[in-house]
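Q: Hi! Could you walk me through this one while I look at it?
A: Happy to, just ask away.

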Amino acid sequence: MLALVRWLSETSTSSAIREIDGLIPVLQTIHILAIAMVMSSLLMIDLRVLQVTKSQTQSIADAAHRFETWIWIGLVLLAASGATLIIAEPQRTLPNSSFQTKIVLIALAAATTYALRISLRRNAEFFSVSGKATRAAKLLAVSAFILWCAVAVAGRFIAYTQPT
Amino acid sequence: MDYVNALLESLEHSALAVSIAESKWAFPIIETIHVIVLTLMIGTVLIMDLRLLGLASAKQRYTVLQRDVLPWTWWAFGVAVISGCLMFITQATEYYENEAFRIKLFLLLLAGINMLVFELIIARRAADWDQESSVPWLGKVAALLSIALWISIVFFGRRVGFTMLLGRN
């Protein structure tokens with residue numbers, strides 16, 4: 001791990017990113033805006049799946065389709081800005097236990113979000129009829145949201161955890 | 001200005017501020033809540049802005065979308081304000097002196113004015129363009145301003161963490 005951190009921080013890409021004055025807060029801003037895309041889109045899908053949304057003008061399939069794209073665009077932006085931040089300051093992230101927890105949580109959150117997508121695709125037609133499928137989709141919807149919140153918690157705590 | 005300083009100092013020395021500042025995890029937890037609610041707040045604002053620009057949710061009626069989305073914006077905004085104030089009081093004097101923080105507050109004021117103008121002038125006649133995929137040009141201007149302002153607010157918010165003496169970045 002230490003060797004990786006040292007090698008990464010000594011690459012010319014890493015020093016180039018660090019040397020651009022004020023780039024790191026810009027990358028973090030992009031990261032936060034991409035979180036906004038993911039979290040709010042998932043919130044809208046969840047509210048529709050949980051039938052909280054008052055207007056039933058939009059079917060669950062339509063709502064999922066409308067917001068799903070933004071989740072995937074957001075995740076790509078998050079991965080790109082996140083990877084750039086890691087390359088710039090590998091010692092801040094890679095050996096940090098909050099960062100390591102975050103990676104595990106991302107895997108869980110992404111898998112749950114993908115499972116929700118499959119569930120919504122499969123059940124779009126008979127959603128109102130099948131109670132079991134509805135319950136599964138609701139459970140996935142809530143779990144995915146909680147998991148992404150947990151990712152955000154672990155992410156912010158990187159700044160407060162001393163690398164080991 | 002003595003008033004301001006006296007007020008800031010009394011905030012900083014209040015029991016609440018002292019207990020947040022002395023606790024190891026209170027500030028990080030409040031800051032994390034701030035980040036989560038602000039992402040929800042800005043994301044839901046963007047949903048409305050993109051609808052106004054006719055770029056997304058174009059088939060949804062504006063008034064219907066507004067009823068589904070805006071209550072969450074306001075809840076998230078309320079929690080963001082409370083968590084923001086709790087962070088502010090821990091180092092009130094320094095935040096007050098911080099340039100990025102001042103710019104952020106000014107931009108928040110502009111975003112508020114933009115929203116008020118939109119609500120009072122454009123949204124009041126929403127019935128006229130409710131079903132249209134895009135709205136009167138003034139509404140589009142308000143949407144573009146809103147997008148630009150909120151992105152800048154996030155940026156200057158993040159800058160605060162980098163420019164404070166005890167900054168957490």
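Q: What's the handedness of the crossing of helix 3 and helix 8 in chain B?
A: Helix 3 of chain B and helix 8 of chain B make a left-handed crossing. Keep in mind that this is a predicted model.

Q: At what angle do those axes cross, and how far apart are they?
A: The axes of helix 3 of chain B and helix 8 (residues 137-163) of chain B cross at roughly 155° and come within 8 Å. Because angles over 145 degrees count as roughly antiparallel, helix 3 of chain B is roughly antiparallel to helix 8 of chain B.

Q: Which residues make that contact?
A: From helix 3 of chain B there are Ile42(B), Val45(B), Leu46(B), Asp49(B) and Leu52(B). Helix 8 of chain B brings Gly139(B), Lys140(B), Ala143(B), Ser146(B), Ile147(B), Trp150(B) and Val154(B).

Q: And how do they divide by class?
A: The contact of helix 3 of chain B with helix 8 of chain B has eight nonpolar, two polar and two charged residues.

Q: Moving on, where does Ser57(B) lie?
A: Ser57(B) is in the loop between helix 3 and helix 4 of chain B. Its phi is positive, about 55°, although Ser57(B) is not a glycine. For context, most residues other than glycine have a negative phi.

Q: Is Ser57(B) buried or exposed?
A: Ser57(B) counts as buried because it has 24 C-beta neighbours inside 10 Å.

Q: Which residues does Leu65(B) touch, leaving aside those within four places in sequence?
A: Leu65(B) is in contact with Met48(B), Arg51(B), Ser57(B) and Gln60(B). Leu65(B) itself sits in helix 4 (residues 62-90) of chain B. It also counts as buried, because 23 C-beta neighbours lie inside 10 Å.

Q: How far is the C-alpha of Leu65(B) from that of Met48(B)?
A: Those two C-alpha atoms are separated by 7.7 Å, with Leu65(B) and Met48(B) 17 residues apart along the chain.

Q: Now the two chains. How many residues of chain A are in contact with chain B?
A: 25 residues of chain A are in contact with 25 residues of chain B. On the side of chain A that touches chain B, helix 3 (23-49) and helix 7 of chain A each supply at least two residues. The largest share, twelve residues, comes from helix 3 of chain A. By class, that side of chain A has 15 nonpolar, seven polar and three charged residues.

Q: How do helix 7 of chain A and helix 3 of chain B pack?
A: Helix 7 (residues 131-157) of chain A and helix 3 (residues 26-52) of chain B pack at about 130°, with their axes 9 Å apart. That angle makes helix 7 of chain A oblique to helix 3 of chain B. The crossing of these two helices is right-handed.

Q: Which residues meet there?
A: Cys149(A), Ala152(A), Val153(A), Arg156(A) and Phe157(A) of helix 7 of chain A meet Pro28(B), Glu31(B), Thr32(B), Val35(B) and Ile36(B) of helix 3 of chain B. The residues of this contact comprise seven nonpolar, one polar and two charged.

Q: Last topic, chain A as a whole. How many helices and strands are there?
A: Chain A has seven helices and zero strands. Its C-alpha atoms fill a box of roughly 60 × 30 × 25 Å along the principal axes.

Q: What percentage of chain A is buried?
A: Buried residues make up 37% of the 164 residues in chain A. As for contacts in chain A between residues at least 6 apart in sequence, 81% join residues at least 24 apart.

Technical notes: Residues numbered from 1 in each chain as written. Chains lettered and ligands numbered in written order. Predicted model: local features only at pLDDT ≥ 70, side-chain atom pairs only at ≥ 80, totals over all residues. Helix = DSSP H or I, 4+ residues; strand = E, 2+ residues; numbered from the N terminus. Buried ≥ 20, exposed ≤ 12 C-beta atoms within 10 Å, placed from the backbone. Contact = placed C-beta atoms within 7 Å. Axes fitted to C-alpha atoms, helices over the stretch in contact; angles between N-to-C directions. Parallel < 35°, antiparallel > 145°, perpendicular 65-115°, else oblique. Left-handed = near helix turned anticlockwise from the far one by under 90°. Nonpolar A, V, L, I, M, F, W, Y, C, P; charged D, E, K, R; others polar.
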